[in-house]
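Please read the report below alongside the sequence and the coordinates.

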Amino acid sequence: MLFPAGSWPTDQEDYPAEAPVTTLDLADILDSGLPNPTIQKPKADTTSAAWTLLDEHQRNRAADASLRSRIADRNLMSRTILVTGGAGYIGSHTVVALLERGHDVVIVDNLSNSSPKAIDAIEAITGRSVVFHEVDLTDFEALGTVFEQHPIEAVVHFAGLKAVGESVEKPLWYYRTNLVSTMNLLEQMAAHDVWELVFSSSATVYGDPEVLPIPETAKTSTTNPYGHTKLIIEEICRDLAASDKRWSFSLLRYFNPIGAHRSGELGEDPRGIPNNLVPYVMQVAVGRRDQLEVFGGDWDTHDGSGVRDYIHVVDLAMGHLAALENLEPGCEPFNLGTGTGSSVLEIIKTTENVTGASIPYEIVGRRDGDISTSLADPTKANEKLDWRADRSLDVMLADSWNWQSKHPMGFDDQAE
Ligand SMILES: NC(=O)c1ccc[n+]([C@@H]2O[C@H](COP(=O)([O-])OP(=O)(O)OC[C@H]3O[C@@H](n4cnc5c(N)ncnc54)[C@H](O)[C@@H]3O)[C@@H](O)[C@H]2O)c1
């Protein structure tokens with residue numbers, strides 16, 4: 001699916017009917033976050049793939065609106081939500097979803113892996129303001145002052161370190177940051193009479209899974225300090241819920257989040273060399289890196305490369321909204337994934353189709369600790385949270401590309 005210049009259907013707001021369309025701009029196709037675009041008739045040479053993508057964007061937006069309105073029917077209250085790590089990749093998209101739902105948001109982030117420009121982007125996208133505190137969660141006193149200043153009613157906890165390889169090299173740093181942060185947060189919550197928490201866990205807690213797709217009941221085990229911190233935090237939450245019936249925890253086990261906000265103004269902006277496949281592939285597509293290394297071409301999969309369950313970050317953000325609104329006393333894990341897998345080679349091929357760029361790659365040896373396939377069974381979240389991740393791989397990668405091509409150097413290129 002390569003979109004030739006001038007073949008895109010466009011929003012009328014961008015181009016009056018009589019104006020010729022001469023340039024290729026993905027943002028036109030990706031509806032740019034405009035409230036309710038009216039679509040021009042396609043030009044004769046418009047590819048059906050372009051229409052399929054545009055149709056899907058409109059369906060996705062309708063699905064998000066429907067989820068928001070189902071949630072609003074159940075619970076009309078707007079609340080004040082503390083989002084730790086809200087300037088980061090998943091956190092910032094979730095803050096957008098919370099603000100669009102009508103909640104007030106307080107962000108705590110030390111900006112160790114994010115930019116304050118993400119907060120500007122959140123405000124520009126939503127037309128609402130957020131309160132931001134540059135605070136490190138390992139600082140117990142500073143965190144306490146945030147709770148004292150705002151009427152916080154629930155917390156979504158993203159803040160933490162997340163690179164598996166780095167955690168093997170610097171385990172103490174990972175244990176201190178992830179565990180001390182979370183214990184400080186839980187103590188301050190209890191001290192300020194806040195008992196609702198949605199926690200960013202990970203599919204990494206399933207280790208090398210014995211069953212595919214993986215249900216929440218599958219055995220948990222991890223192979224690295226990062227994964228251990230996720231499992232330990234899950235246990236802490238379970239123990240707290242057992243000790244005091246006021247606690248409500250939702251443990252969200254994410255599979256592989258990719259994609260970006262459809263405006264192209266918010267996306268994944270890793271510091272240094274990306275650890276994850278899609279940011280790396282996008283940096284090759286945009287010319288920041290020469291080629292990709294594919295770790296292992298002999299896995300037991302249909303094309304020999306590893307298979308993962310990729311989920312659009314906006315679908316993931318909506319999953320947090322659904323989890324928050326469905327919190328119940330106790331502690332429940334939920335898989336957030338699509339239930340469908342894509343291989344590394346399929347990601348490369350689809351990226352080439354969506355971007356028109358060639359992605360040179362070399363198949364090299366497997367990495368220690370990698371697994372062949374990871375696939376979510378999302379049935380529990382579909383049923384209990386009334387939530388579903390529907391965005392296709394084409395849309396995920398087109399949105400990633402929209403962000404990357406608008407901001408080749410991430411948020412940093414917005415200076416001046
Ligand atoms: N991205 C993924 O593939 C993925 C998959 C599964 C789980 N997760 C989990 O989801 C959460 C968010 O991931 P992300 O991809 O958005 O990462 P991210 O690095 O973009 O976001 C994390 C945010 O937390 C902040 N932070 C880190 N340590 C902090 C501290 N001590 N005090 C205050 N702020 C701190 C960082 O500055 C950053 O803004 C993490 O807990 C991660 O482990 C991510």
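## Burial and overall composition

A residue is taken as buried if 20 or more other C-beta atoms lie within 10 Å of its own, as exposed if 12 or fewer do, and as partly exposed in between. The model discussed here is predicted. Under that criterion, 45% of the 416 residues of the chain count as buried.

The chain contains 13 helices and 13 strands. Among contacts between residues at least 6 apart in sequence, 79% join residues that are at least 24 apart.

## The parallel sheet

Seven strands make up an open sheet with parallel pairing, and their order across it is β3-β2-β1-β4-β5-β6-β11. The edge positions are taken by β3 (131-134) and β11 (330-336), each of which has a single partner strand, so one side of each has no neighbour in the sheet. On average, and with direction ignored, neighbouring strands are turned by 20 degrees against each other.

Around β5 (196-202), the pairing can be followed strand by strand. Three bridges connect β4 to β5 in parallel, and the partner of H157 in β5 is F199. On the other pairing, β5 and β6 run parallel over seven bridges, with S201 standing opposite R253 in β6. Strand β6 (residues 248-254) is in turn joined to β11 by seven bridges, again in the parallel sense, and Y254 has L336 as its bridge partner in β11.

The side chains of a regular strand alternate between the two faces of the sheet. In β5, E196, V198, S200 and S202 lie on one side, while L197, F199 and S201 lie on the other, and both of these groups are buried.

In soluble globular proteins, nonpolar side chains tend to be buried together. The largest nonpolar core in this model has 96 residues, and those with the most contacts inside it are V95, V105, I107, I122, V155, V281 and L336. Helix α10 supplies the largest share of this core, namely nine residues.

## The shell around the ligand

Which residues are closest to the ligand? Of the 28 residues that surround the ligand, the closest are G85, G88, S114, S200 and S202. The elements that give two or more residues to this shell are α3 (89-101), α7 (171-191), β5 and β7 (256-258). The largest share, three residues, comes from α3.

Helix α3 also includes R101, which counts as partly exposed because 18 C-beta neighbours lie inside 10 Å. The C-alpha atoms of R101 and S78 are separated by 7.9 Å, although these residues are 23 apart along the chain.

## Local backbone features

A cis peptide bond, with omega of about -10 degrees, joins L212 and P213. P213 belongs to the loop between β5 and α8 (225-243).

L111, in the loop between β2 (104-109) and α4 (117-126), has a phi of about 60 degrees; with 15 other C-beta atoms within 10 Å, L111 is partly exposed. D386, in the loop between α12 (379-384) and α13 (393-406), has a phi near 55 degrees, and this residue is likewise partly exposed, with 14 other C-beta atoms within 10 Å.

Note on methods:
Residues numbered from 1 in each chain as written. Predicted model: local features only at pLDDT ≥ 70, side-chain atom pairs only at ≥ 80, totals over all residues. Pairing = 2+ DSSP bridges. Helix = DSSP H or I, 4+ residues; strand = E, 2+ residues; numbered from the N terminus. Axes fitted to C-alpha atoms, helices over the stretch in contact; angles between N-to-C directions. Contact = placed C-beta atoms within 7 Å. Core = buried A, V, L, I, M, F, W, Y, C linked by C-beta atoms within 7 Å. Near = placed C-beta within 6 Å.
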